[in-house]
Amino acid sequence: MELLILNGIVNGLIVGGIYALVGVSLTLLYGVLRVVNFAHGEFVIAGSFFAYVLFTSLNVPPLLALPVAAISFFAAGWGLYYVLIPRLSRSDDPELMSFLMFYGVSITAAALMLLLFEADSRSIDYSFTPISIQVGPIYVSTARLVALAITAVISAGLALFLFRTLPGKALRAAIMNPEAIQIVGVDIVRLSAFAFALATALAGVTGVLVALVFPAFNAFSGTEYTIIAFIVVVLGGLGNPVGALVAGVLFGLAEQMATVFLPQALAQIVGFAILVGTIFLRPSGLFGTSTKK
Amino acid sequence: MSIAIETRGLTKRFGGLVALDGVDLQAAAGETLGIIGVNGAGKTTLMNCICGLYRPDGGDVFISGERVTGQPPHVVAHKGIGRTFQVPRVFRKMSLIDNLLVPVLDHRASDAELTERAEGMLARMQLIDLRHNYAEELSGGQQKLLEMARMLMPDPPIVMLDEPFAGVHPVLCKFMIERIEEMSGAGKAVLLISHDLTSIYRLSTRVVALNQGKVIAEGGVDDIRGNPAVIEAYLGT
Amino acid sequence: MMPVSSRPQDSADRIYFTLVALIGGALMIYFALVPVFGLNVAFHFYLMLWITMASAFNVSSGFSGYLPFGYVAFYGIGAFTTAILVKKAAFPVFLALPFSGVAGLVLALLFAPTLRLSGIYFGIVSLALAGICRLVITNMPEEITGGSFGLQLGSRAHPVQSFYVMMAVMVVALATILWLSRSRLGKALRATRDDADAAEMMGINVPRVRLYGWMIAAFFPAVCGGVEAWYTNVVDTETAFNTLITAKTVIYAVAGGLGTVTGPIIGAVAMVWLDELIWRQFPLLNLLILGVATVALVLFLPRGIVGSILRRKPQWRRYVP
């Protein structure tokens, strides 16, 4: 039993790290742009396919795929921003319309991946040596430990960026008060484009890690990650990046523990239940102080 | 003189901030009670507590002698109270006629009767030519008039006007002052909120001055005009 | 059915009702004759289904201002209710279908607390609740829901009968929405949508009005689910709770324009027809084009076909149902 629990904790941390990254990028996007990216999960899975293609056709190992994915997705996000967002902000209710538009983006992205890779599940047939490492009394696959280390490094880097650098501080300021930041002379369009690109890059990188940690993915896996991202974001408080990081790990732990203690069917419902419960009981998230709706 | 509306010890806190602190006031039928105070004095909070949007933390609201404290806004509305808002809150994607029908939807009169009454009201507010337009297509001043018309549709004995003259040009101001005089002339109790003293002094029979959620002065226009506490609240620190 | 204005000089109403009679009559005659003249029954069955779904969705989003991204939950519950009653309790189909509607209403009542939420919170919660519904049904004992194989309704299929039942459902749905759009309840809903607090201070019982709107919006998709289960003769969780059902409903309604009676009808007709055309030519691109069309709609036609026309010609609002 203790072994199971320990396993649950280790896996919870690993999976939770990935959830944290999925959540933090979505929450940045919402915080700065006030758009709800329904397609976030598809962006993540696109990252997984990106690593898959690099590996199968060019023999690039996943670790090397990480920086390539980051740069490519950053560029793609930058471009996508200028195609989608400026027009959207002219509509009557941009926040709600963004939900609808990204719903379309999500279908489009899933359809594209379906056309390119068909409906079969894919996995990257890559393994580290040794294949697993002993952690205390249990064995954990090296790939998962590497992924955990990478999520920790990215999270720390992101936190440093947000709290120690000027553009990071500008982003946080934009989340808190988008009007004021324009008055003090920040180009909000450029900053928004940057936020969108950064969130997309993070999604892509997370996708590479997903390919390392999870056994398989397919064109329709995106929706699951979108839901997970919503759970994490709501749990951490909409637009609160640090909250999302913590909430991601917490949710990963909760989910892995649920699979230890509950039948599989119920374990799946846990995530949804957490989401609904949080919105009703603590709409500002676990760490929020205000209770505005 | 019958008391139309009364509050006793009305108190409202937001976190640590005391927005209303034991406010007592009364207004009789046909009387115009001016409520003055600087920004943040608690004027709009008072109105929101009276009409049920906020639940007061203490004290009571009485409408025609009946206690309505803690009742939901739609129940309070049916006791005979109508209001306007500081920033107009019209139903943007509805025609002017439909905007006016909203407060009388559960009246027994037929649709045709109510529509006719609405058209009469729009004519009085000089909005009749726009009756099929959406409310969002009106100018700010016109929206204020629309709110006034909407408020008057169910013929409520008590009306509350929140900064009716804010951002309104002088000609329209004069027009609105006449309409407000008609309301009190028709025997309504009028609660008039403004930080603009000139219009308040002109219209009010009595004035209540609020500062930091407390009533600091109350009386006739002349009493208030010379009251040192009021002067200090407006000009002081 | 609706209170006709007592003032004969009001010609706007006369034009309005003439349009209602013309459009409604043309639709009904056309659909009634589809099986008679041997036109494509399947295509028209689904056309009517989508008209009904998009129109009912309009009550929720166009009239009430909610965007339920888990709309498929009502459809799925309706499909399984009919299937289970027919298959396991040996109900005749005609008796089972009303229970689908009832199931939709019950689910709407269960979800009623979500109406306190607004905007994206409502959308996200709705999505999660639909996910919970799917998981609950998937994990019910196999004897009831048929597990992952689903339920076969056996030899009860009768395409033409179910076609006409679908038509009856559509007509009732459109009549209800037409009534709603002119009724006092409809005005109360719109006022609540535009400014709930203000509406409440004007004497509208906001929670009750919202609940009525929500129940109307839930009833019809549930019945649609039941009729479709009968038509295809098979129900499983993968198809009955497929998020694409929500997607199509939303997109068709938005394409036509929310808030008007004709909007979702025109949207559904245009998009289903386009969908069919594309599907025949490029079956693989179907999903892709659906996605791209959604993005394009939001960016270039956010008010939909009818909504955009009425924005150009505001004076037509009174004439167009």
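In which helix of chain A is confidence lowest, and in which is confidence highest? The structure is a predicted model, in which local features need pLDDT of at least 70, side-chain atom pairs count only at pLDDT 80 or more, and totals for chains, interfaces and linings use all residues. Residues are numbered from 1 along each chain as its sequence is written, chains are lettered from A in the order in which they are written, and side-chain values use heavy atoms, without hydrogens and water.

Confidence is given as pLDDT, the predictor's value for each residue from 0 to 100. Chain A has a mean pLDDT of 88, with 98% of its residues at 70 or more. The lowest confidence in chain A falls in helix H7 (residues 178–183), with a mean of 75, and the highest in helix H2 (residues 40–58), at 95. Helices are DSSP runs (H or I, at least four residues) numbered from the N terminus.

At the interface, 39 residues of chain C are in contact with 40 residues of chain A (heavy atoms within 4.5 Å). The two chains bury about 3700 Å² between them, 84% of it on carbon and sulfur atoms; buried area is the accessible area (1.4 Å probe) that two parts lose on being put together, summed over both. Of the area that chain A buries against chain C, 17% comes from A:Leu100, A:Tyr103 and A:Phe280, more than from any other three residues.

Note on methods. Helices (H or I, at least four residues) and strands (E, at least two) are DSSP runs, numbered from the N terminus.
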